[in-house]
Amino acid sequence: MSCQSELNKNPVEGFSAGLIDDDDIYKWEVVIIGPQDTLFEGGFFKAYLTFPYDYPLRPPKMKFITEIWHPNVAKNGDVCISILHEPGEDKFGYEKPEERWLPIHTVETIMISVISMLADPNSDSPANVDAAKEWREDPNGEFKRKVARCVRKSQEMAFD
């Protein structure tokens, strides 16, 4: 996994990533900076990326540690986007195989997808049904208030 050195050579705006413990190459900590011109702007959202031992044949799991209110993030922090779904056919028929995990994906492509997800939620197959309902029915009301609270909390916790 030379992802770390690759990221150092070609840093991507909007996140930082590194090993939690130098002795374990399978567990990473990432911090995503809320994308500009979105409700998440100004937030510092910490997450863990846990790689399976047979990576890159199978996708890592991503879990936000910082509280985040989003249709595609379960209430326990698990991120639910196509790129992190097991490779192959979707038994529910929502996703094409090429939208799911492919061994060519890297930490960088995962982070770009997650940053894009923050900017543009997919409320068709939500991991957080309540957030999806608020996003669809009143994005500038209760949804916006809850996201703003998460952004404030993330800023307070960023320097702990």
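**Charge pairs, a patch and a helix**

Colleague: Start with Arg58. How exposed is Arg58?
Modeller: Arg58 is partly exposed, at 32% relative accessible area. Buried means under 20%, exposed over 50%, and partly exposed lies in between, using a 1.4 Å probe and protein chains only.

Colleague: What should I know about the model itself?
Modeller: This is a predicted model: local features need pLDDT of at least 70, side-chain atom pairs count only at pLDDT 80 or more, and totals for chains, interfaces and linings use all residues. Residues are numbered from 1 along each chain as its sequence is written, and side-chain values use heavy atoms, leaving out hydrogens and water.

Colleague: Which residue forms a salt bridge with Arg58?
Modeller: Asp54, with the closest N and O atoms 3.3 Å apart. A salt bridge here is a side-chain nitrogen of Lys or Arg within 4 Å of a carboxyl oxygen of Asp or Glu. Asp54 is partly exposed too, at 33%.

Colleague: How many salt bridges are there in the whole structure?
Modeller: The search finds 11. One of them pairs Glu95 with Arg100, at 2.5 Å between the closest N and O atoms.

Colleague: Is Glu95 buried or exposed?
Modeller: Buried, at 13%. Arg100 is buried as well, at 9%.

Colleague: And Glu137, which residue does it bridge to?
Modeller: Lys133, at 3.3 Å. They sit four residues apart in helix 3 (residues 129-137), about one helical turn. Helices are DSSP runs of H or I with at least four residues, strands are E runs of at least two, and both are numbered from the N terminus. Glu137 is exposed at 58%, while Lys133 is partly exposed at 44%. Elsewhere, salt bridges with shared partners join Asp54, Arg58 and Glu86 into one network.

Colleague: Switching to helix 4. How many residues does it have?
Modeller: Helix 4 (residues 142-157) has 16. From first C-alpha to last it reaches 23 Å, close to the 22 Å expected at 1.5 Å a residue. That expected span is 1.5 Å times one less than the number of residues.

Colleague: Which residues of helix 4 are buried?
Modeller: Phe143, Val147, Cys150, Val151 and Ser154.
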